[in-house]
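Me: I'm new to this one. Could you walk me through how to read it?

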Amino acid sequence: MSVVYRDGFMRGLKPDDKVSIDEWAENNRILPTKSSSEPGAWRNDRTPYLREIMWEMSPHSATEQVKVIKGTQLGFTEVGLNTILAYMDLYPCPILMVMPVETLAKKFSNAKLTPSIKAIPHLNKKIKNAKSIDDGGGTFEKDFDGGMFSLGWSYSASAFASFSAKVVVLDDVDRFPDDVEDEGDPLELGKNRADAFAGRKIYINSTPTTKDASKIEREFEDSDQREYFMPCPHCTPKEHALQHRGNMIRFTIDAFRYEKDSSGAIVGDPYMVCGHCGGIIDEHEKSWMMSAASGAKWIPLNPGHIHRGYKLNSFYSPLGWLGWKNIAQEHVKAHKAMKRGNNKLLKKFMNTRLAETFEEEIEKVDDDVLMEHVETYEAQVPEGVLVLTAGIDTQDDRLEIEVVGWGHLDESWSIDYRVFHGDTRGKEVWSRLDEYLFHTRFKRKDGSEMMVHTSCLDTGGHRTKESYAFALTRFLRRLYAIKGAKPVDAPIIPRKPTRKDRKKPPLFNIGVNKIKDVIYDYMMTDEKGAGYMHFPDLPQYDKGYFKQLTAEKREKSGRWVKFRERNEALDVRVYAYAALHLSGMDLNIIKERGPVVVASTDTAGVATGTTKKRRRRIISSGVRR
Ligand SMILES: [Zn+2]
């Protein structure tokens with residue numbers, strides 16, 4: 001093994017001392033101009049929290065697995081890169097890196113790895129041409145004296161099959177699939193590649209994603225769970241910081257404060273509050289606080305575990321990278337979006353800034369909170385309703401039906417809920433349904449009337465024969481036979497219905513699970529407008545109704561399952577939503593023109609035809625002018 005020692009590098013090290021990766025980086029690493037925000041020589045004091053992690057990845061540490069759960073803009077990608085380069089240079093061996101997808105791997109190689117090697121002339125000399133003909137350019141393979149580097153991606157099983165490595169870097173593992181080409185979990189496959197080596201080193205790193213699905217959270221839990229603690233500049237006199245280590249603090253969202261104006265813009269500079277003394281900590285203090293000189297250090301919260309785990313949020317991003325003001329602004333935006341029922345920004349904020357997983361709380365809709373959506377309508381059908389649909393659930397001893405009014409952007413108004421009791425093997429209960437569905441007129445404030453435009457009838461219960469018979473003759477009145485599709489990710493409505501024979505109606509397999517995702521999203525919407533669900537103050541919409549509506553929760557697999565016995569209210573709402581999709585109504589277009597009301601001359605119900613041409617004509621004749 002040839003180790004290149006140079007002037008100023010030794011700094012008192014005996015020749016048999018091993019050089020750690022952080023030391024190697026300080027003395028050799030040049031950040032390439034193109035791909036670095038701060039090009040030039042690597043400085044450990046810029047990101048002091050990375051030092052220990054690089055030290056643990058060094059040969060003289062007995063640690064085999066280092067796991068990092070992190071926010072963005074903290075420099076962790078460079079830890080993997082410094083590790084690869086230092087091993088190539090000082091401790092040559094087989095090295096494997098796995099990234100989520102090929103495009104990322106290619107970009108990493110071309111923009112980061114290759115320029116970083118070229119920037120270190122003595123290392124560059126050690127790199128030979130790649131052996132593989134397929135990779136003559138050396139994008140995914142690099143041969144060097146005493147070892148080889150291979151770069152793969154998580155969606156290709158070949159990344160794991162062909163290569164054993166002493167050093168394995170698994171980057172951004174929360175974007176890895178759960179299974180790669182039926183070979184298993186790529187994260188585990190990646191770890192296994194190092195099994196044959198004593199002194200193996202495995203670096204696993206990622207921003208987290210969704211709670212319970214996050215791979216990096218699972219890995220971090222299986223570690224000693226270190227967090228970065230610093231002295232408070234108020235509690236701890238700077239000149240005595242190293243001796244006076246009582247009150248160590250972390251940067252957290254709970255300690256973070258900012259002010260905003262009515263438009264949501266951040267006013268002044270955000271700050272942290274010390275949990276011990278209540279002192280205000282300005283952002284510029286963080287350089288000193290994070291530095292080794294202050295006594296800042298990683299403290300394990302699960303001490304004694306054999307694997308090292310590190311967790312760091314983006315509040316620690318060095319001055320000049322990602323500022324607290326930016327983080328505050330993102331926080332405001334995320335909460336604004338959340339109030340509108342969109343939790344995507346908050347999830348992103350929690351994942352990429354706080355390094356926290358996001359718990360989808362939609363399975364926890366509180367029936368009491370939803371009950372607060374009950375209001376007195378100004379008419380049976382409120383102004384915002386553009387079209388009415390219905391969902392019908394078939395039980396052995398009754399039919400349950402809900403009529404729902406839909407407005408712009410899926411804002412909805414429950415209009416009526418009926419239960420028709422009676423043996424559903426008999427005819428009587430079905431004729432009452434027929435009467436209700438096709439002959440009931442619902443009044444608007446201006447005196448105009450609406451009827452149910454499209455309805456969906458569940459045929460998946462015990463009364464398949466009877467419900468088929470009912471649906472067969474009413475297809476042209478847009479009553480559709482449906483059945484819940486089994487797959488979790490089945491589309492809301494199928495491209496076309498299935499039909500076995502002419503004695504049965506066309507059957508629509510609807511994506512009930514997907515629809516429940518949507519509806520639970522809407523239940524969480526607290527602000528009137530897109531997605532908001534309105535309920536009338538009718539006796540049917542009582543506590544029992546809301547218990548049923550919120551009777552299901554989503555499992556880890558993404559599948560909705562009921563945790564209360566009765567869930568018909570949810571079922572009929574799901575079918576009414578499927579009916580909206582099957583109606584072919586584009587509510588954005590209808591909004592421009594007004595609701596679908598019944599023409600005063602139309603006594604037989606709105607529509608009798610199903611061809612597009614016919615439907616369009618009827619709609620236009622029914623539209624208010
Ligand atoms: Zn303090």
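Me: Let's begin with helix α11: which of its residues are buried?

Reply: A residue is buried if 20 or more other C-beta atoms lie within 10 Å of its own, exposed if 12 or fewer, and partly exposed in between, with C-beta atoms placed from the backbone. In α11 (residues 344-352), F349, M350 and N351 are buried. Helices (H or I, at least four residues) and strands (E, at least two) are DSSP runs, numbered from the N terminus. Mind that this is a predicted model: local features need pLDDT of at least 70, side-chain atom pairs count only at pLDDT 80 or more, and totals for chains, interfaces and linings use all residues. Residues are numbered from 1 along each chain as its sequence is written.

Me: What covers the buried residues of α11?

Reply: Look for contacts, meaning C-beta atoms, placed from the backbone, within 7 Å. The cover includes α10 (324-339).

Me: How do I read a sheet?

Reply: Strands of a sheet pair through backbone hydrogen bonds, either parallel or antiparallel. Here, two strands count as paired if DSSP finds at least two bridges between them.

Me: How many bridges join β18 to β19?

Reply: There are 8, between β18 (residues 387-394) and β19 (residues 398-406), and the two run antiparallel. I392 sits opposite I401 in β19.

Me: And the whole protein?

Reply: It has 19 helices and 28 strands, and 41% of its 625 residues count as buried.

Notes
Contact = placed C-beta atoms within 7 Å.
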